[in-house]
Amino acid sequence: MSASETRRNMLEKVMKEHNYEESALLEILHRAQEIYGYLGKDLLMDISQSLNLPPSSVFGVVTFYSIFKLTEPGEHIVTGCLGTACYVRGVEEILQAIEHEFRVKRGETTRDRKLSLFVTRCIGACSMAPNVIVDEEVIGKATKEIVLERIKLALGGIKIESR
Amino acid sequence: MNLGDIQRIAEQELDFQRAYTHRINVCCSSGCVHLGALKVLKAFEDAVKGFGVEKDCKLAKTGCFGTCSVGPAVIIDTIGRPARLYEAVTPEKARRIVQDHIILGLPTKEMLFKNAAFFQKQQRLVLRNAGRIDPGRIQDYIAMGGYSAIVRCLATMTPQGVIYEVSASRLRGRGGAGFSTGQKWGLVARAHGSPKYIVANLDEGDPGVFANRTLMEADPHSIIEGMLIAGYATGASKGYLYIRSEYPLAIQTVQRAVAQAKSMSLLGTNVLETPFKFDIELRFGAGAFVAGEETAILASVEGRRAMPRPRPPYPASSGLWGKPTLIQNVETLANIPQIVSNGGFWFAKFGTQRCTGTKCFSLTGKINNPGLIEVPMGTTLREVVFDIGGGIPDGRKFKAVLVGGPSGGCLPEALLDLPIDYDSLTKVGAIMGSGGIVVIDDTDCMVDTAKFFTEFCVEESCGKCTPCRAGLIRVKEVFDRITNGDSRMEDIATLEKTGGYIREASLCGLGQTAPNPILTTLRYFKDEYVQHIQNKTCRAGKCFREASQ
């Protein structure tokens, strides 16, 4: 079975578990994003047909919630937490440093598709603010220097073991 | 499993726990895990084995104690001795602690948590089990008296009797608005329509707040039991627990807890072999602040865009799929089991006359002891910031405290002696919200802070009603002018006027409270606005950046 068939089968299983019900649309989209990495147009058309929903309502839901990605993210993902505590503790400066250093704007991906920079509103780790997530690792009490270093390591192919 | 089995499990578990002299509780909540708690847990396991004291020591992977600033935190409970809290534990320190505390019987003094004041002013009702039980073991919860309240309801109380106790407690909803819980339950119980639903709200979208997350990670069964009791009292047979997808550990914890409850027939068609039917399904948020609003959360549970709708009809009569629905914040629900166990009048003794009980707050920002706290209603902001929070770090000066997140207000030093409750906070222009307290010092700019919250609300506005959608953008434009040096004094009046319109004319809570940070900063820190406009300077150095670059 090809990779794309495997993914499609996984998605089918998820939809079946939820009886193809409209009320499970969010759950199905969450899982679809886990399986595919992002929610492309064809995928959304597929889901809307399977659930017997107009494509407009599926697109409406996807674009309403900030967690869903419509385009394929880069190989590495950096997410800055823009919660109040992180903001007060200076995450903005770190974000600007990342934008400057790697020539990427928040919400976008570098031209070589190696790095995407996102912001999120609060991951709830406020007592360790400011927080920046590099791939899977949450860096608490982050500084410009530490974060830039970690990103460079990640880009260089060195996987950092989560503490 | 029947009603008597809960008591039996509790006794068995207590016997099992008493066989150990020491119980080592390692906080494995999100914060401490990021700081290396899992390695600390492993180090304790190794040390306990290394010293050959496995028979005396029980290791537990617990939720949060609230001392997030000094994680990873470890509490050692020794029979006959006061519990000891160790701070900033590392794998190396773990071995030393086992040697000193367990083998020699002398706590390692220099590693103990030193800030006694942190706990002195707290009253832990909701967080009673947080950090003391393993959230992954239902037996731990049962041993602490868990699920005895639902047993009591099913065995001896009528649904009306349960509502009577909840009304007597005078508990008010902890989600922010502070509506009487007993009254709400009565409305749903009397509403016509079947089936009825319960929605437990854990869409903690306020940036800077993590109280509900921590509660779920520490004591998920108290929320499940609260939902069960609410279901019994109101006649609901199905509960949806709506949780933010940004909280992976909390999701994992609650999924496991629900599965355990199902396997012990605490959930299902015959709860504990009685005719009472109740089941819980999880729903995951997807990053929308407005989804915490009660009509928006209904749309989201139904799988649609989280858009609020006008009320009436209220969810109590027409909620999920048009059926009567009870929506409660998870902190409210976690209060319920003890109200049933100890009686409503017992609960009403805590807090103040108009606001009974306690409130959990996440304390963050420029503060020495950030963390999760629980205080009786009526505690003053000064006690929270200076006694529990330990004041401002780096010798800086306190400037303001932001209460209630982006819908809350920025309160100055002059209001620090304000007792915290729903009514007093509303009076000064803030709200209780979901319990976020962010402290800011003199290196922060109030104009910039208000602008930050406005930008947040602009992004999170669902766009349904014009005052919120268009009004907030107008306000943001004014802020852009003020912070770029392109403003006039009339802009202050524009902010006040527009803020007032948005508050009065918006459809839901998001729009109605969005101007709070703007209006409170104008009310208490007007001089900073004047300085920005007239002198084009920002004392904190946060604004006019683009102009100078």
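Helix 1 and helix 2 of chain A are roughly antiparallel, because the angle between them falls in the class over 145 degrees. Helices here are DSSP runs of H or I with at least four residues, numbered from the N terminus. This is a predicted model, in which local features need pLDDT of at least 70, side-chain atom pairs count only at pLDDT 80 or more, and totals for chains, interfaces and linings use all residues. Residues are numbered from 1 along each chain as its sequence is written, and chains are lettered from A and ligands numbered from 1 in the order in which they are written.

Back to the helix pair. Helix 1 covers residues 3–17 of chain A, and its angle to helix 2 of chain A is about 165°, with the axes 10 Å apart. Axes are lines fitted to C-alpha atoms over the stretch in contact, and angles run from 0 to 180 degrees between N-to-C directions. Which residues make the contact? Helix 1 of chain A supplies R7(A), M10(A), L11(A), V14(A) and M15(A), while helix 2 of chain A supplies I28(A), R31(A), A32(A), I35(A) and Y36(A). Contact is taken as C-beta atoms, placed from the backbone, within 7 Å.

Now the interface. On chain A, 33 residues are in contact with 40 residues of chain B. The chain A elements giving two or more residues to that side are helix 2 (25–36), helix 4 (55–64) and helix 5 (84–88).

Last, confidence. Chain B averages a pLDDT of 95 (the predictor's confidence in each residue, from 0 to 100), and 99% of its residues score at least 70. For the complex, the predictor gives an ipTM of 0.90 and a pTM of 0.95.

Note on methods
Contact = placed C-beta atoms within 7 Å. Parallel < 35°, antiparallel > 145°, perpendicular 65-115°, else oblique.
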